[in-house]
Amino acid sequence: MANKNQSIAGRNSFLLAFLVFGTTLLSQQSAPAAKQTTTVQPKFSDVTSALDLHFQHIASHTSKKYLIETMGSGVALFDYDNDGRLDIFVVNGAPLSDPTPKGTIPQKTRPEHWNRLFHQKPDGTFEDVTEKAGLQGVGYGMGVAVGDFDNDGYEDLYVTSYGGNKLYHNNGDGTFTDVSKKAGVSDPNGYYGMGVICSDFDEDGFVDIFVANDSSPNFLYHNNGDGTFKEIGFSSGTAVNGEGREQGSMGVTVADYDHDGRLDLFITNFDDEYNVLYHNDGKNSFTDVSYAAKVAEVSLPYVGWGTKFFDYDNDGWVDLFVANGHAYPQRDHYRQREFLFHNNRDGTFSEVANQAGSALLEERVGRGVAFGDIDNDGDVDIVVADLDGSPQLLRNDGGERNNSVLIKTVGVKSNRDGIGARVKIVSGDLTQIDEVHSGGCYLSQSDLRLHFGLEKRSKVDLIEVHWPSGAVDKVTNVGANKILTIKEGQGLVEQKNLKK
């Protein structure tokens, strides 16, 4: 049963990356930005209860300790009703018998096992709208991804579970319809991936696929541009760590952390297997720089799960968050604190959780994580899903003191969300790149809008959007502290002020 659960869990998370993504991208280089000093030191406050986000994940532990009991579940940040405010969807487990007979599919027999959708009200608090939306779910829930698969202007949900994956169509009236059978989404067999992300790593105009595998070599599937892929994990240097060892990989995130114009990889791992930062050297070649970048040693006693590069202090250099928690309840230090790494702008990071608020130091059993500007004030907030616990909504207090922009992409020839689009922005001496991703992290979905910190710069000189269709849009000379909507073929179509 454990092996079957492992297979199900792995293939479910592998599906997360395939909900919607573009097929081609154009590439570009960005020049290194000059260093500047910043006095901003944001704090993260746990506002879960204050904002009425009431939820309890149920893992249903058994004496058999099946893998799905330890894997946890994900969380999504998305605006399902297009009111301009991010809503929260959390995935839940289901009851397991002890032991569970072979072939038994767990069912969500009671409301406490339901997945939950929380709508953000105008005052910033949340209300549970699960029943109205029809998103109670089936089976032992695990992962979630977001994308407008039918391009009707409303974000749809793909939810993975042991017991059946579901594609929910957003009807645009606050309700969702299960269209899994109609859409033809059947599970593939044989994958054991834990985290998956799609990106054009070699900037050849075609989207590649990276799979973080548990206790086996990672996969990097290079897109050959003819509808086929070649697995180049070992030749690229990403299959194993710098010591030549396979690792128990969990979460994955990508970003240009050193401003050299190429997207780098970060992967969370099991304890005694350090978290790995692969520097993208170009031409499908990566180097393990984990110890040199100072993200490895601190991670050795921890089991890492959800993770993401994000600029928490809006200084224009992406930082890094990791949710931790052991897989085995019988182990010491089962509950573990979170990591927050500040980018030092010289290729290294400093772990600063103890400077960023006591909420990050609270020992929890973290799993999936979603990132987004929940209150639209210009800085990135965090929602952490805990195994057998309540979620943790971490409000960023202080990041908004530096300037930023949020960019929403709307595709026309490309998919409507612009998933797969690469965005470059230039503000004075600062150049940044990012991509629109569905899935990633670990079983979770962050806000599809791209966030760029600007420090004290007051405007953006240039925005280039390279769409999956091959089209390129350019926007020039726009003010900071805006939510910018860029539509394929039309450029800037809407701008709103952030709530500074």
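Two strands count as paired here if DSSP finds at least two bridges between them. Keep that in mind for the close-ups below, which come from a predicted model.

**View 1. The hairpin of β29 and β30.** Strand β29 (residues 459–466) and strand β30 (residues 472–479) run antiparallel and are joined by 7 bridges.

**View 2. An open sheet of 4 strands.** Read across, the order is β6-β7-β8-β9, and the pairing is antiparallel. β6 (140–147) and β9 (176–178) each have a single partner strand because they stand at the edges, so one side of each lacks a neighbour in the sheet. On average, neighbouring strands here are turned by 25 degrees against each other, direction ignored.

**View 3. Where β8 meets β9.** Zooming in on that sheet, strand β8 (residues 166–170) is joined to β9 by 3 bridges, and the two run antiparallel. Here His169 stands opposite Thr177 of β9.

**View 4. Inside the largest nonpolar core.** This core has 35 residues, and those touching the most other members are Phe78, Phe89, Leu117, Leu157, Phe176, Ile425 and Ile463. Take Ile425: leaving out residues up to four places away in sequence, its contacts include Val405, Ile407, Phe452, Leu454, Leu462 and Ile463. Thr431 and Gln432 are also among the residues Ile425 touches.

**View 5. A second, separate core.** This one has 20 residues, including Tyr140, Met194, Phe270 and Val303.

Definitions and conventions: Residues numbered from 1 in each chain as written. Predicted model: local features only at pLDDT ≥ 70, side-chain atom pairs only at ≥ 80, totals over all residues. Heavy atoms only, no water. Axes fitted to C-alpha atoms, helices over the stretch in contact; angles between N-to-C directions. Core = buried A, V, L, I, M, F, W, Y, C linked by side-chain atoms within 4.5 Å. Buried < 20%, exposed > 50% of the residue type's maximum accessible area, 1.4 Å probe, protein only. Contact = heavy atoms within 4.5 Å.
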